[in-house]
Amino acid sequence: MTPCDMSAPMVELFAGIGVKYLLCRSIGYDHVDLHKAKELGMKVSNVSYPPSGVANYAIMLMLMLQRRITQILARADLQDYSLKGKIGRDMSFSSVGVIGTGRIGRTVIDHLSGFGCKIYCYDPYQNEEVRKYAEYVSLDELYAKSEVITLHTNATEENHHLLNAEAFAKMKDGVLIVNTARGKLIDTDALVEALESGKVGGAALDVLEKEDGLYYYNRIGDVIANRDMALLRSFPNVIMSPHTAFYTQQAISHMVGSCFEAAEAFEKGEKTVHEVKLPD
């Protein structure tokens, strides 16, 4: 059982005890069986919160990867202050590919523009404001031109394992991968192989495939049955954080408020921006 399990059996269970609304305290709602919710006449909502928290966290991870900060700090703890193996890259001279130009992706681009780096982006639905700072390109062109690639799109059936072996093969050697969106966007096996071969020069992952039952729990002393996680954590050029990019005081305040706003609107029969459109 996980705190995010809203598969068909769970949706039926809630409906059976009289629950009419499923209020997700997250932007993503891919953990909810929307078809079952619609079948049972239930309404579903998600939340919104300032995009700057996740956007700035993603940029922080980019900088950490580029400057090899985890190695610098680990070696400093051992009083190794030598320079060998610590040389980094300058963000201002990098090319960054942003996949997804929704609210968070747009904020990443806006904030990255201050660094002076070249920014490429991809989204099926293009935004004119984004064009001030970034160039829309195809996915293949983004893969080929970007030294850093950051993901900012919801997980869907269509983009499951968007970054797979075929995608990695199209990228620059030594590309850096940042994911603060959804673990399902990356084929973990393909990422491991790309890290081992050196095709991927580093990865910063705030999300992970099969993270349910791990993140948001205290698992100190437990034997964790997740070999993908153990393998990724063994790489010195991989940074992993437990799905905390969103976790700011401002975001939590908005998340809680959005849930109450949606519940009130549903109960009054009013429209709300938080309602999730159910499948046809």
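How many residues does helix H3 have, and how far does helix H3 reach from its first C-alpha to its last? Helix H3 covers residues 52-66, so to speak a run of 15 residues, and reaches 21 Å, close to the 21 Å expected at 1.5 Å a residue. That expected span is 1.5 Å times one less than the number of residues. Helices (H or I, at least four residues) and strands (E, at least two) are DSSP runs, numbered from the N terminus.

A word on the model: it is predicted, with local features needing pLDDT of at least 70 and side-chain atom pairs counting only at pLDDT 80 or more, while totals for chains, interfaces and linings use all residues. Residues are numbered from 1 along each chain as its sequence is written, and side-chain values use heavy atoms, leaving out hydrogens and water.

**Around H3**

Among the buried residues of H3 are Val54, Tyr57, Ile59, Leu61 and Met62; buried means under 20% relative accessible area with a 1.4 Å probe, protein chains only. Their cover includes helix H5 (103-112) and strands S3 (95-99) and S8 (200-205), where contact means heavy atoms within 4.5 Å. After H3 comes Arg68, with a positive phi near 55°.

**The sheet**

Seven strands form an open sheet in the order S5-S4-S3-S6-S7-S8-S9, with parallel pairing. Strand S5 (135-136) and S9 stand at the edges with a single partner strand each, so one side of each has no neighbour in the sheet. Two strands pair if DSSP finds at least two bridges between them. S7 and S8 share five bridges, and Asn179 stands opposite Leu205 in S8. S8 and S9 are joined by three bridges, with Ala204 opposite Ile239 in S9. As for S8 itself, five of its six residues are buried.

On a 1 Å grid over the protein atoms alone, a cavity is a set of points where a 1.4 Å probe fits but cannot get out; a pocket is an open set with protein on both sides within 12 Å along at least five of seven lines, and lining residues have an atom within 4 Å of a point. A volume is the space filled by probe spheres set on the points, which are joined across faces, edges and corners.

| Space | Volume |
|---|---|
| Second largest pocket | about 600 Å³ |
| Largest cavity | about 50 Å³ |

The pocket has 19 lining residues, with Tyr29, Asp30, Leu34, Ala155 and Thr156 nearest its centre. Asn179 and Leu205 turn up again here, among the residues that line the largest cavity.

Note on methods. Buried < 20%, exposed > 50% of the residue type's maximum accessible area, 1.4 Å probe, protein only.
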